[in-house]
Amino acid sequence: MKFLDEYRDEAAARKLVRAIEDVATRSWTIMEVCGGQTHTIVKYGIDELLPQGIELVHGPGCPVCVTALETIDRAHAIASRSDVIFCSFGDMLRVPGSAGDLLQLKSHGSDVRVVYSPLDAVAIAAAHPGKQVAFFAIGFETTAPPNAMAVWMAARRGLTNFSVLVSHVLVPPAMTAILEAPDNRVQAFLGPGHVCTVVGYEEYEPLASKYRVPIVITGFEPVDMLEGLLLAIRQLEERRAEVENAYGRAVRREGNPASRALIDEVFEVCDRKWRGVGNIPRSGLRLTPAYATFDAEQRFAVSAIETQGLQRGRPSPISSGPARSRLHSTIASCSATAAVVACRLI
Amino acid sequence: MIHHLFLPVLGNEILSRLEDQASCSLRPHAEATLAFTTDSFVVRPIFFPGGDIGKLAVYGTVNDLAMGGATPLFLSAAFILEEGLPIDDLRRVVVSMREACDAAAVTLVTGDTKVVDRGKGDQIFITTSGVGFVPAGRSLSAASCRAGDRIILSGTIGDHGIAIMSVRENLEFETTLESDTAALADLTRVMLEVCPGIRCMRDPTRGGVSSALHEIAAASHVGMSLSETAIPVRAEVSGACEILGLDPLYVANEGKLIAIVPRDEADRVIEVMRAHPLGARAAVVGEVVDEHRGMVVMRSRVGGERVVTMLAGEQLPRIC
């Protein structure tokens with residue numbers, strides 16, 4: 001992992017902090033979009049290094065936290081079945097549904113398994129023809145290609161016992177919702193580096209010009225984050241509002257064409273409900289009709305499960321004040337409770 | 001579970017201290033204090049690079065005794081075997097336990113074996129209990145740490161947990177990463193010789209360094225302040241943690257210890273540790289502070305600070 005050390009170097013970080021101090025002449029409020037970026041801020045104490053007046057607000061980009069309560073309840077209904085092996089990314093296991101989390105379900109005897117790759121779930125399906133294997137396909141554009149690949153592979157292998165519970169979300173509609181909120185305070189964005197690795201950043205250019213907001217595509221190491229902040233603050237100070245790519249080692253303007261083609265084959269855009277936010281039009285992905293047979297909601301007839309009362313219907317104002325104590329108590333290990341943060345921040 | 005179920009029913013003056021071992025006074029029968037502990041071992045795979053479940057079962061219990069400043073003496077071992085376990089595998093485990101007992105200078109003096117139906121166990125479960133004695137006048141306790149004390153780690157963290165996970169996830173490195181499984185009683189002996197006033201020691205097994213420090217911080221009503229750059233981590237371990245979405249502070253160790261040592265004696269302790277094969281990479285990684293009591297705070301490598309949170313249950317790989 002030698003290549004990471006230079007992006008965690010204290011001297012390089014200090015140099016960028018000094019440059020930010022030199023450039024910033026007033027207070028600015030900047031949102032980092034990704035949960036992974038928020039994690040880096042907390043893990044390395046980035047917010048403490050910044051000059052007074054530079055406020056970071058934490059964005060909606062944690063797919064684990066924004067997965068709708070009713071989707072989690074549907075997952076539980078599927079995972080509780082004795083004929084099902086339910087596969088999920090690790091950090092979904094602690095996210096609470098209406099009646100506990102997937103870890104509790106596992107402790108009560110359900111077959112819930114953590115996989116690192118959706119393709120592992122396909123392999124489990126192939127190895128257990130007598131069982132139904134359902135994979136919890138969550139995530140932003142970043143996990144869409146591997147999740148699409150799992151469905152594509154299952155189709156190619158003719159697996160009839162594999163399905164996916166899809167709860168994919170998209171970043172640009174969420175950013176639009178934030179910018180449209182009447183009490184929005186966000187003046188610039190650190191854009192989602194990994195999302196843009198897949199889909200590129202063309203889609204962000206109209207946002208930057210329409211809302212006059214700088215968007216700097218940013219990576220996830222401390223030096224990446226500080227560089228993203230420097231570029232964003234420089235744009236704000238110079239009254240520019242452009243999309244800049246500060247994550248050139250991973251992101252191209254057009255993204256990864258092969259991944260985009262695969263996403264387009266397997267998924268189509270749909271409306272999606274976000275936990276703590278509510279419904280955002282055209283902010284999600286669902287399976288295309290050609291792959292509808294892999295839809296776990298249909299296969300296990302769980303679409304009727306709706307959750308009343310706990311969703312917030314309307315974007316709420318971004319909370320003000322120092323974010324640090326709240327961050328420490330809620331996001332540090334992300335997962336379940338961080339849903340609360342997403343609620344507060346959009 | 002411990003606080004809500006076991007302690008309310010079974011708690012007593014000794015159990016409720018929740019140290020790694022029970023220190024039971026033998027007075028008026030004898031001057032020394034009896035140290036007593038028990039631990040169960042379930043691990044998959046049962047053979048892994050650098051060790052196996054048998055070695056783990058001996059060293060784990062020996063280490064729990066050693067952390068209390070005890071000289072480990074006698075062990076018991078109870079085996080739960082799943083029907084179908086190859087006898088050759090069992091023999092390998094038992095031979096390994098014998099070697100481990102010899103290396104740790106303890107004697108296995110009693111045992112038990114049960115066989116359960118296939119599917120009712122997972123190859124082999126081992127429970128070991130151990131007794132040792134603590135010399136009169138020695139008393140180590142997680143509740144005795146004070147601001148200014150130094151936090152010492154005996155070596156690189158996360159080796160055991162990542163060795164196990166790399167086998168489970170088929171991760172390959174240029175060199176084979178081995179578990180650090182080892183008996184620490186000889187290391188603690190030399191440490192206590194030069195510094196009888198060591199406040200407390202813990203072997204950061206499940207839950208890793210973070211959990212052990214949280215327990216000490218809570219018991220002593222103090223804060224723990226760490227420096228990320230001072231914590232020794234092998235390149236393979238930090239690389240694997242990046243890939244797996246894990247934090248080495250929460251990954252298990254089986255041959256490392258944390259010692260809380262009075263400030264003025266830290267240099268002397270480090271010196272004898274580094275002269276010992278199990279402490280070659282020992283380092284002061286932080287200090288005990290009056291601020292943020294009950295919390296562990298770490299200065300990151302880029303200069304900011306973060307709260308190292310207490311792990312609730314198993315560490316789960318992050319996608320976010």
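Me: How many Å separate the centres of domain 1 and domain 2 of chain A?
Reply: The centres, taken over C-alpha atoms, are separated by 27 Å. This is a predicted model, where local features need pLDDT of at least 70, side-chain atom pairs count only at pLDDT 80 or more, and totals for chains, interfaces and linings use all residues. Residues are numbered from 1 along each chain as its sequence is written, while chains are lettered from A and ligands numbered from 1 in the order in which they are written.

Me: Where are the bounds of those domains in chain A?
Reply: Domain 1 of chain A covers 26-51 + 58-63 + 171-254 + 328-345, and domain 2 covers 65-170 + 260-299. Such bounds come from an automatic or database domain assignment.

Me: And how many residues of domain 1 of chain A are in contact with domain 2?
Reply: 22 residues of domain 1 of chain A are in contact with 26 residues of domain 2 of chain A (in contact: C-beta atoms, placed from the backbone, within 7 Å).

Me: Which element gives the most to that side of domain 1 of chain A?
Reply: α10(A) does, with five residues. Helices (H or I, at least four residues) and strands (E, at least two) are DSSP runs, numbered from the N terminus.

Me: Switching to chain B, which strand does β8 join?
Reply: Strand β8 (residues 150-153) of chain B runs antiparallel to β12 (residues 283-289) of chain B, with four bridges between them. B:Leu153 is opposite B:Ala283 there. Strands pair if DSSP finds at least two bridges between them.

Me: What stands opposite B:Ser225?
Reply: B:Glu287 in β12(B). Strand β10 (residues 223-227) of chain B pairs with β12(B) in the antiparallel sense, over four bridges.

Conventions
Contact = placed C-beta atoms within 7 Å.
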